[in-house]
Amino acid sequence: MTSPGEEASVTSDFVRSYVITGGRSLPAADDLALHTLVTLAPERTPPLGAGPEVMAIWQLCAGGYLSVAEVAGHLGLPVGVARLLLTDLFEQGHLLRRAEPPRAQNVDRATLEKVLNGLQSLIG
Amino acid sequence: MALRRTRKDLEAGLGEARGDIGQLHAHIAALTAQHQRDLADVRADAEASTKAVLKSAMGTLQSLAEEQQVLLDNLLKKYGDTTDVLADLMTVDHTGSQFSRRAKGISVLCGGWLGRRERAATVYDVARSAQGRIKDFDRVSVHSQVNVSLVGKAVEPVAVVLAELLDNATNYSAPGTPVEVNIQAVPTGLCFIVDDAGLGMDQETKDRAAALLSVDGPVDITGLGDPPRFGFAVCGMLAARYGFAVSVGSVSPYGGVRAVIRVPESLLAADAPAPVADAQDTASPEAPPQRLAPVPVVGPSHVVGTTSGGLPKRRRRGGPVTVVPALDAGQEGTPEPVSEVTASRLGAFARGTQLGRTTNTTEGPDNK
């Protein structure tokens, strides 16, 4: 613990997250799940008076689909806060979203073993 | 004859007595002055030692408050996806911020320091940071007409002063009434203007405020009342120390108090960040995020209107439809290794065919 002097630096986040949300209640997590992909709707202009966080989302999402978790990560904001901002943009029609891409289906163990055996016979 | 002599004696005696009285008066005056000086010295000593003790105690509290806020920063991110926990943590964070502001205020009055932000911050963020340090932060709205940053060393002091002014504004106006912060450029720097819709201040309060805001030396903390009203004293102290000005004399357009912080050009950061409006055009200086390849948008983007028959009119596509985007300007400088390009193309191809096969694509808010 450093004692605060003129030189002691303060590193906590300068703008607290409850100010960014404006004290509004947070949307439920299932509205925009962590893996939901979002991107900017075409031919949109940023809402008037958009804050720096919204502008950052705008910039991030302009180039293609990003997951909600990634947006939060790039903004350095808690996911719930990013989700609120994304929900706002979504409701204003600025964002498109789609469900996370389905995961590759797991191949059954027998097939994997066959491949392994085949590879071993090729190499060995 | 005898009478005359007696009278002479008496007059001489009287003169002597008057002289003595004069001397006594002078002596008393000297003693009183001495007493006053001693009293002032004792008071100053007491004040100084009180301040020294408070300063050190507040320093500990400041450190703890800062430590707690850093902890909360991490917790907020850790539980960011758990809505209930996040909301509760935010309320804890809010009380912590108010606590920290109080500790900082008392510390400043006792000659302590605020702690220093290493990085410049935009005036908009300074205002929002200040907003977060008071109880009724949701009554405050911030409007910035300028996009300038304050230098690192001015960031905390201005935020603390603005927080004190906002605290006053929200405390001395009816609950629910708005408090506005407007940030405007002036020829000598910029102004944070705080307007409330309260009843305004009476002359006595105005005089007291003016006196405290123009302090030029240590403030008598025992003279701030009980409960102590630190606000203006903190503002005056910080303004004097860092070279900006605070005034609260005027009337707001809503009939309440207008408080103004005037920050000179010397405390503004030289290299202003890109204006908000242009932010979307400039490539981010940080590493560009790894995005999924954009999927060609079917529908909305190419619909440019409707025909008279009500069918959507589509715009001709500008170029070949491709799933793999041209690398944008920000990424040109760092060519990806061939294997990664191949992988990303394969991935894009897989996603493209997947998109064609699935029907769960949602477009826009209508399909929510």
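**Note on the predicted two-chain model**

1. Chain B is divided into two domains, domain 1 spanning 13-113 and domain 2 spanning 120-267. The model under discussion is predicted. Between the C-alpha centres of domain 1 and domain 2 of chain B the distance is 20 Å.

2. The contact between these domains involves 11 residues of domain 1 of chain B and 16 residues of domain 2 of chain B. On the domain 1 side, the elements that give two or more residues are helix H1 (2-78) and helix H2 (83-109) of chain B. The largest share of that side, eight residues, is supplied by H2(B). By class, the domain 1 side that touches domain 2 of chain B holds four nonpolar, three polar and four charged residues.

3. From B:Thr95 to B:Lys77 the separation is 18 residues in sequence and 18 Å in space, taken C-alpha to C-alpha.

4. Taken as a whole, chain B contains eight helices and nine strands. Of its 368 residues, 30% are buried. Among the contacts in chain B that link residues at least 6 apart in sequence, 73% join residues at least 24 apart.

5. In an unreviewed UniProt entry, the feature "domain: Histidine kinase/HSP90-like ATPase" is placed at residues 159-265 of chain B. In the model, that span is 34% helix and 28% strand, and its end C-alpha atoms lie 17 Å apart.

6. The largest nonpolar core has 97 residues, and the members that touch the most others are A:Leu86, B:Val158 and B:Leu162. Helix H4 (residues 152-171) of chain B provides the largest share of this core, 11 residues. Both domain 1 (13-113) and domain 2 (120-267) of chain B contribute to this core, with at least three residues from each.

7. Which residues is A:Leu86 in contact with, leaving aside its neighbours within four places in sequence? They are A:Leu32, A:Val38, A:Ile57, A:Val68, A:Val71 and A:Leu95. A:Leu95 also takes part in strand pairing, as the bridge partner of A:Leu40 in E3(A).

8. The sheet in chain A is open and consists of three strands in the order E2-E1-E3, with antiparallel pairing. Strand E2 (66-67) and strand E3 (95-98) of chain A are at the edges; each has a single partner strand, so one side of each is left without a neighbour in the sheet. Strand E1 (residues 37-40) of chain A is joined to E3(A) by four bridges, and these two strands run antiparallel.

Definitions and conventions: Residues numbered from 1 in each chain as written. Chains lettered and ligands numbered in written order. Predicted model: local features only at pLDDT ≥ 70, side-chain atom pairs only at ≥ 80, totals over all residues. UniProt positions renumbered as here; feature names shortened; annotations may be inferred. Core = buried A, V, L, I, M, F, W, Y, C linked by C-beta atoms within 7 Å. Buried ≥ 20, exposed ≤ 12 C-beta atoms within 10 Å, placed from the backbone. Domains from an automatic or database assignment. Contact = placed C-beta atoms within 7 Å. Nonpolar A, V, L, I, M, F, W, Y, C, P; charged D, E, K, R; others polar. Pairing = 2+ DSSP bridges.
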